[in-house]
Amino acid sequence: MGTGRALLREVLRRAREAGVAGVQLDTAYDNHIAQGLYAAEGFEREEFHLYFHCLA
């Protein structure tokens, strides 16, 4: 339907207008649909490690 793409493009448009230097996104390692969208819109994948410790 293109809703995610339209939302992402609007975020980028507003960020540019606001003078933001860059936009960082994250997603689950297995969310290949989102990763494909981000890549198609010009985002570059960066390798990093994310750690979380649940206290509940």
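1. Glu10 counts as partly exposed in this predicted model, at 28% relative accessibility, a value that lies between the 20% limit for buried and the 50% limit for exposed residues. Its salt-bridge partner is Arg14, and the closest N and O atoms of the two side chains are 2.8 Å apart. Arg14 itself is exposed, with a relative accessible area of 53%. Because Arg14 and Glu10 lie 4 residues apart in helix α1, they are separated by about one helical turn. Glu10 and Arg14 also belong to one network, in which salt bridges that share partners join them with Arg13 and Glu17.

2. How many salt bridges does the count come to? The count comes to 6 salt bridges, and the pairs discussed in this note are to be read as examples from that count. In general terms, side chains of opposite charge can pair when their charged atoms come close.

3. Glu41 deserves a paragraph of its own. Glu41 is found in the segment after α2, the helix that covers residues 32-40. With a relative accessible area of 19%, Glu41 is buried, because the limit for that class is under 20%. Leaving aside residues up to four places away in sequence, Glu41 touches Arg5, Leu8 and Arg9.

4. Which residue forms a salt bridge with Glu41 in which the closest N and O atoms are 2.5 Å apart? That residue is Arg5. The pair links distant parts of the chain, since Glu41 sits in the segment after α2 whereas Arg5 belongs to helix α1 (residues 3-17), 36 residues apart. Arg5 counts as partly exposed, at 32% relative accessibility, while Glu41, at 19%, counts as buried.

5. Glu41 also forms a salt bridge with Arg9, and here the closest N and O atoms are 3.0 Å apart. This pair, too, links distant parts of the chain, with Glu41 in the segment after α2 and Arg9 in helix α1, 32 residues apart. Arg9 counts as partly exposed, at 47% relative accessibility.

6. Turning to the aromatic residues, the structure holds 1 aromatic pair. Tyr38 and Phe43 form this pair, with 6.0 Å from centre to centre and 50° between the planes, and the arrangement is tilted. The pair counts as tilted because an angle under 30 degrees would be stacked and one over 60 would be edge-to-face.

7. On the surface, Tyr29, Phe48 and Leu50 form a nonpolar patch, and together these residues have about 410 Å² of accessible area. Leu50, one of the members of that patch, has its place in the segment after α2. Is Leu50 buried or exposed? Leu50 is exposed, with a relative accessible area of 67%.

8. Phe52 is likewise found in the segment after α2, and at 75% relative accessibility Phe52 counts as exposed. The C-alpha atoms of Phe52 and Gly4 are separated by 27 Å, and these residues are 48 places apart along the chain.

9. Val11 is found in helix α1, where at 44% relative accessibility it counts as partly exposed. Val11 and Val23 are 12 residues apart along the chain, and their C-alpha atoms are separated by 8.8 Å.

10. For the chain as a whole, the model has 2 helices and 0 strands. The radius of gyration is 14 Å, whereas a compact globule of 56 residues would have one near 10 Å. Taken along the principal axes, the C-alpha atoms fill a box of roughly 40 × 30 × 25 Å.

11. What percentage of the 56 residues of the chain count as buried? The share is 11%, and Glu41 is one of the residues that count as buried. The accessible surface of the chain comes to about 5,400 Å², and carbon and sulfur atoms account for 57% of it.

Technical notes:
Residues are numbered from 1 along each chain as its sequence is written. This is a predicted model: local features need pLDDT of at least 70, side-chain atom pairs count only at pLDDT 80 or more; totals for chains, interfaces and linings use all residues. Side-chain values use heavy atoms; hydrogens and water are left out. Rings of Phe, Tyr and Trp (its six-membered ring) pair if their centres lie within 6.5 Å; planes under 30 degrees apart count as stacked, over 60 as edge-to-face and the rest as tilted. Buried means under 20% relative accessible area, exposed over 50%, partly exposed in between (1.4 Å probe, protein chains only). Contact means heavy atoms within 4.5 Å. Patches are made of residues with over 30% relative accessible area and no salt bridge: like charges are joined within 9 Å, nonpolar side chains (Val, Leu, Ile, Met, Phe, Trp, Tyr) within 5 Å. Accessible areas come from the Shrake-Rupley method with a 1.4 Å probe; for residues, only the protein chains shown count as cover. A salt bridge is a side-chain nitrogen of Lys or Arg within 4 Å of a carboxyl oxygen of Asp or Glu. The radius of gyration is taken over C-alpha atoms; the globule rule is 2.2 Å times the number of residues to the power 0.38.
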